[in-house]
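Hi,

Here is the structure I promised to pass on. Have a look at it first, and then read on for what I found.

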Amino acid sequence: MKHDLFQELLVLNEEEKLVLQPKREVQKEIYTSQESFIVEGEKFLNNRMIMVRKHTRFVPFPKHKHNYIEVNYVYNGTLNQTVGNEKLELKKGDILFLNQHIEHELEACAEEDIIINFIIKPEFFSFIFSYLTTENMISNFLISSIFNETQNGEYLYFAVSQIESVQELIEKMIIEIMNPSMMSESTIKLYMGLLMVELIKNSDKVKYKEESHKQQTIVESLKYIDEKFKDATLYELANKLSLPHYTLSKEIKKATKFTFKELVQEKRLSVARELLVNTSLPITSIVEEVGYENISYFYRVFKSKYGYTPKKYRDEILKK
């Protein structure tokens, strides 16, 4: 199947036949009706929420933005581009998410450089993130970085060529979109949800700008909280990251809109809820397990978040 798909993607499409004529340049009118080069998703989506198209080879693609979320996937070969002011070389299997506000330009691809562009309406993700982001702080942060509604240009570059689960999911999505069936829309949504889960599980594969480690600092902080929530302290984390605690505190608050203490509490309550639902541990043991010393305080913050006392919450879940 993989070989057949590669052979199919090697075939020249109509646009590539055009650019191989003497003029050798991108046909701008295919992509936009605007004076400024903003690629319009409507020209390709035809009332769909998501589609894929093969990136046009043989010519550089000039500096542009999009009015949708774009995902570049290197199916074969390499892709060299400048995103914002950053030069990136994506290798086979790498993935780049770009939001609507980031500008980028691409160098010409050779014949065997096969790049798949996913064109996605931002609202497509509402289905996925309605269940994906509930209790996962790392996913919240990564998602807000790329799918925010601010005017900030953002990108996420995942070097995931060695992650088989990611590669298999993307290939399935490409095949499903290229050869649609009656259940394709639902299938693609599920594949995209699974893909986001796999990318979040492999958030250590996100690459960052050399000159700015702020995003990486936040992901490292969230991972620390995820693993050490029972006795996590800002001072220990700051020491681990070689940062003054007050600088780290400000960076965490700016990036996540929560203080370090609030993030730790969110994680503790999330784990406590899971233990209440999935185990028969006594509530006093759960309080200790998640790092609280004061049971009255735990009861108060748990009820504030979930609307029930821990005992009532467990009773209500068991009734269902």
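Phe-58 is buried, as its relative accessible area is 16%. Please keep in mind while reading that this is a predicted model. Phe-58 sits in the loop between strand S2 (50-54) and strand S3 (61-66), and although it is not a glycine, its phi is positive, at about 80°. Most residues other than glycine have a negative phi. Ser-242 is another non-glycine residue with a positive phi, in this case of about 55°. Its place is the loop between helix H9 (234-240) and H10. Is Ser-242 buried or exposed? With a relative accessible area of 66%, Ser-242 is exposed.

**The chain as a whole**

The chain holds 14 helices and 11 strands. Of its 320 residues, 48% count as buried. If you take the contacts between residues at least 6 apart in sequence, 70% of them join residues at least 24 apart.

**H6 and H7**

Helix H7 covers residues 184-201. Its 18 residues should span 26 Å at 1.5 Å a residue, and the C-alpha atoms at its ends are 25 Å apart, which agrees. H6 has 15 residues, and the distance from its first C-alpha to its last is 21 Å, close to the 21 Å expected at 1.5 Å a residue.

How do these two helices lie against each other? The axes of H6 (residues 164-178) and H7 come within 10 Å and cross at roughly 160°. An angle over 145 degrees counts as roughly antiparallel, so H6 is roughly antiparallel to H7. The crossing of the pair is left-handed. On the H6 side, the contact is made by Ser-165, Val-166, Leu-169, Ile-170, Lys-172, Met-173, Glu-176 and Ile-177. H7 brings Ser-184, Thr-187, Ile-188, Tyr-191, Met-192, Leu-194, Leu-195, Glu-198 and Leu-199. Sorted by class, the contact of H6 with H7 has 11 nonpolar, 3 polar and 3 charged residues.

Burial can be listed for both helices too. In H6, the buried residues are Val-166, Gln-167, Leu-169, Ile-170, Glu-171, Met-173, Ile-174, Glu-176 and Ile-177. In H7, Ser-184, Thr-187, Ile-188, Tyr-191, Met-192, Gly-193, Leu-195, Met-196, Glu-198, Leu-199 and Ile-200 are buried. When you look at the spacing in these lists, recall that an α-helix has 3.6 residues a turn, so residues three or four places apart point the same way.

**H8 and H10**

Helix H8 (residues 214-228) and helix H10 (residues 245-256) have axes that come within 10 Å and cross at roughly 95°. That makes H8 roughly perpendicular to H10. Lys-214, Thr-217, Ile-218 and Ser-221 of H8 make the contact with Leu-248, Glu-251, Ile-252, Ala-255 and Thr-256 of H10. These residues divide into 4 nonpolar, 3 polar and 2 charged.

Thr-217 is worth a look of its own. This residue of helix H8 counts as buried because its relative accessibility is 12%, and the cut-off for buried is under 20%. Which residues does Thr-217 contact, leaving aside its neighbours within four places in sequence? They are Leu-241, Leu-243, Leu-248 and Glu-251.

**H11 and H14**

The axes of H11 and helix H14 (residues 310-319) come within 9 Å and cross at roughly 45°. H11 is therefore oblique to H14, and their crossing is right-handed. Arg-273, Leu-275, Leu-276 and Val-277 of H11 meet Pro-310, Tyr-313, Arg-314 and Ile-317 of H14. By class, the contact of H11 with H14 divides into 6 nonpolar, no polar and 2 charged residues.

Val-271 also lies in helix H11 (residues 260-278). At 16% relative accessibility, Val-271 counts as buried. Apart from neighbours within four places in sequence, Val-271 is in contact with Phe-229 and Val-290. From Val-271 to Ile-286 there are 15 residues in sequence, and their C-alpha atoms are 8.9 Å apart in space.

Conventions: Residues are numbered from 1 along each chain as its sequence is written. This is a predicted model: local features need pLDDT of at least 70, side-chain atom pairs count only at pLDDT 80 or more; totals for chains, interfaces and linings use all residues. Side-chain values use heavy atoms; hydrogens and water are left out. Helices (H or I, at least four residues) and strands (E, at least two) are DSSP runs, numbered from the N terminus. The expected span of a helix is 1.5 Å times one less than its number of residues. Buried means under 20% relative accessible area, exposed over 50%, partly exposed in between (1.4 Å probe, protein chains only). Axes are lines fitted to C-alpha atoms, for helices over the stretch in contact, and angles run from 0 to 180 degrees between N-to-C directions. Angles under 35 degrees count as roughly parallel, over 145 as roughly antiparallel, 65 to 115 as roughly perpendicular and the rest as oblique. A crossing is left-handed if the near helix is turned anticlockwise from the far one by less than a right angle, and right-handed if clockwise. Contact means heavy atoms within 4.5 Å. Ala, Val, Leu, Ile, Met, Phe, Trp, Tyr, Cys and Pro count as nonpolar, Asp, Glu, Lys and Arg as charged, and the others, Gly among them, as polar.
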